[in-house]
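This report describes selected features of one protein model.

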Amino acid sequence: MSEPSMILGAMIFYPGGEHLASWRLPGAQPERYLDVGYYRDFARTAERGGFATLFIADELYVWDRFASGIDHVVNIRTEPFTLLGALSQVSEQIGLAATVSTTYNEPYHVARKLASLDFLSSGRAGWNVVTSASDEEAWNFGRDANLDHAVRYRRAAEFIDVVNGLWDSWDDDAFRYDKESGYFADASKLHRLDHRGEFFTVRGPLNIARPPQGRPVLFQAGASEAGRALAGATAEAVFTLDGGGIRGAQALYDDYKRRAAANGRNPDHLKVLPALSPIVGETQREADEYLDLIESLTPDRLSLDWLSHYLHFDVSSHPMDEKFQPDLSVPTNQVKSVYEQIRRVVGEGTFTLREVNRAMLRRRFLAGTPDRIADWMTERFTGGAADGFMLAFSSIPVGVEQFVELVVPELRKRGVYTGEYRGATHRENLGLPEPSSRYA
């Protein structure tokens, strides 16, 4: 049996690239965010590199709480499943996944949308489950504030259960299409869900056949205790943030695997994919200078507002070059994993606010030569810290093109990445089994 191959995914978040200021970088093309050809070229480049997944991140609001969210960057984006439907026709093998909020959607809509994409793409659909973390999203859906963190995750667990049940509405051979007899479907192979729970009442059945993969691949990015618990019970791949060096990454990897096992699952069927934003240079100096450029293109006000957003209080009045030691003992109702990263950086108040902003920006990127980046990835893959990586590029299309041309050959040379597709479906290319229907 051959050694397992590293899994690679490619993520699109902001127009132009991974960072708030990526759109200003040379070669970035933020004005093309409504051009399907922009995403088609990205998908085809990633396919050339053997990437298993193309992931479109999504949010349901404009980041306008702060003036810089309009003046310096706007989180504009296409509706992801409309886009992925189009990409299903101009790509061949890469998995197509996007964010769907379980707080501001209904299970029936989501089950139908994802099943449709799975058919359009011949079994390449994926769903990144999020619970939504910003009050701005609540304001667009009739609420004054977001649901409490614990409530959001209870709702998400029930949401996933309902969607999985709806996908099993029809047995795989339920539809006969028998013109001679006049029978379109076999009623004995139809299953009504009749779900009644804390958040949802859903009769079913779904008005589309069972998806080609049985169920589209389920991704998740929650790193809080509630998020990890949900991932251990339901997710098939998780995106994680930096775990604080390789030891932290190993501990996080082991934690997710233990949680899967505790839920009676095979730990190999939960893939751990840390986020990685590479900056590739022919020399280390070239890569470092590019990172310096990103920093220089990021207005101070934008950095301050980004920090204020995640801390949930305005830090802009604090002098940039004085020690920054806020009270971070109060739990946040927003993204807990980012909040914890900020807490670690702030530490005992030894950094100025400018240094905190600089550290938070720089911990997002790995700048280096193709050799160095490949070595870093190989160490984590072979050292039990990752099953692969979800790559968010500093600039699009430049970043993904550089990675495929320069880093992928180094990974192949090290024997940790084949760059070849294992099968026809998203599940096959992630090394995941096809689930049986609950009615089988």
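In helix H9, the residues Ala287, Leu291 and Ile294 are buried. Seen down the axis of H9, the buried residues fall within an arc of 50°, so they line one face of the helix. The exposed residues Arg285 and Ser296 are carried on the face of H9 that is turned away from the buried side. The cover over the buried residues of H9 includes strand E11 (271–280), helix H12 (353–362) and strand E12 (365–368). The length of H9 (residues 284–296) can also be checked: at 1.5 Å a residue, its 13 residues should span 18 Å, and the end C-alpha atoms are 18 Å apart, which agrees. The model described here is predicted, and local features are reported where pLDDT is at least 70.

**Aromatic pairs and a charge over a ring**

The structure holds 18 aromatic pairs. One of them is formed by tyrosine 38 and tyrosine 39, an edge-to-face pair with 5.1 Å centre to centre and 80° between the planes. Tyrosine 38 has a relative accessibility of 5% and therefore counts as buried. Tyrosine 39, at 7% relative accessibility, likewise counts as buried.

Another edge-to-face pair joins phenylalanine 159 and phenylalanine 200, with 5.5 Å centre to centre and 85° between the planes. This pair links distant parts of the chain, 41 residues apart: phenylalanine 159 belongs to helix H6 (residues 149–167), while phenylalanine 200 lies in the loop between strand E7 (195–196) and strand E8 (201–202). Phenylalanine 159 and phenylalanine 200 are both buried. Ring pairs also bring these two residues into a cluster with Trp127, Trp167 and Phe199.

A ring is also faced by a charged side chain: arginine 77 lies over the face of phenylalanine 13, at 5.1 Å from the ring centre.

**Individual polar residues**

Serine 22 is placed in the loop between strand E1 (7–12) and helix H1 (36–48). Its relative accessibility is 0%, so serine 22 counts as buried. The side chain of serine 22 reaches the backbone oxygen of serine 394 at 2.7 Å. Not counting residues up to four places away in sequence, serine 22 touches Gly16, Gly17, Ala28 and Ser394.

Threonine 45 lies in helix H1. With a relative accessibility of 8%, threonine 45 counts as buried, because the cut-off for a buried residue is under 20%. A polar atom of the threonine 45 side chain lies 2.9 Å from the backbone oxygen of aspartate 41. Leaving aside neighbours within four places in sequence, threonine 45 is in contact with Val400, Glu401 and Val404. Threonine 45 and serine 317 are 272 residues apart in sequence, and their C-alpha atoms are 44 Å apart in space.

Asparagine 164 is in helix H6. The relative accessible area of asparagine 164 is 16%, and this residue is buried. Its contacts, not counting residues up to four places away in sequence, are Arg215 and Arg438.

| Residue | Relative accessibility | Class |
|---|---|---|
| Serine 22 | 0% | buried |
| Threonine 45 | 8% | buried |
| Asparagine 164 | 16% | buried |

**Backbone geometry**

Most residues other than glycine have a negative phi, and most peptide bonds are trans. Which peptide bond from a glycine to a proline is cis? The bond from glycine 204 to proline 205 is cis, with omega near 0°. Proline 205 is placed in the loop between E8 and strand E9 (217–220). A cis peptide bond also joins isoleucine 396 and proline 397, where omega is about 10°. Proline 397 is found in the loop between strand E13 (388–392) and helix H14 (398–413).

Serine 122 has a phi near 60° and is found in the loop between helix H4 (107–120) and strand E4 (125–130). At 53% relative accessibility, serine 122 counts as exposed, because the cut-off for an exposed residue is over 50%. Tyrosine 177 has a positive phi of about 50° and is placed in strand E5 (residues 175–178). Tyrosine 177 is exposed, with a relative accessible area of 53%.

Definitions and conventions
Residues are numbered from 1 along each chain as its sequence is written. Side-chain values use heavy atoms; hydrogens and water are left out. Rings of Phe, Tyr and Trp (its six-membered ring) pair if their centres lie within 6.5 Å; planes under 30 degrees apart count as stacked, over 60 as edge-to-face and the rest as tilted. Buried means under 20% relative accessible area, exposed over 50%, partly exposed in between (1.4 Å probe, protein chains only). Helices (H or I, at least four residues) and strands (E, at least two) are DSSP runs, numbered from the N terminus. A charge sits over a ring if NZ of Lys or CZ of Arg is within 6 Å of the ring centre and within 35 degrees of the ring normal. The expected span of a helix is 1.5 Å times one less than its number of residues. The arc is that of the directions from the helix axis to the C-beta atoms. Contact means heavy atoms within 4.5 Å. A polar contact is a pair of N or O atoms within 3.5 Å; within protein, one must be able to donate a hydrogen and the other to accept it, and residues adjacent in sequence count only if both atoms are side-chain atoms.
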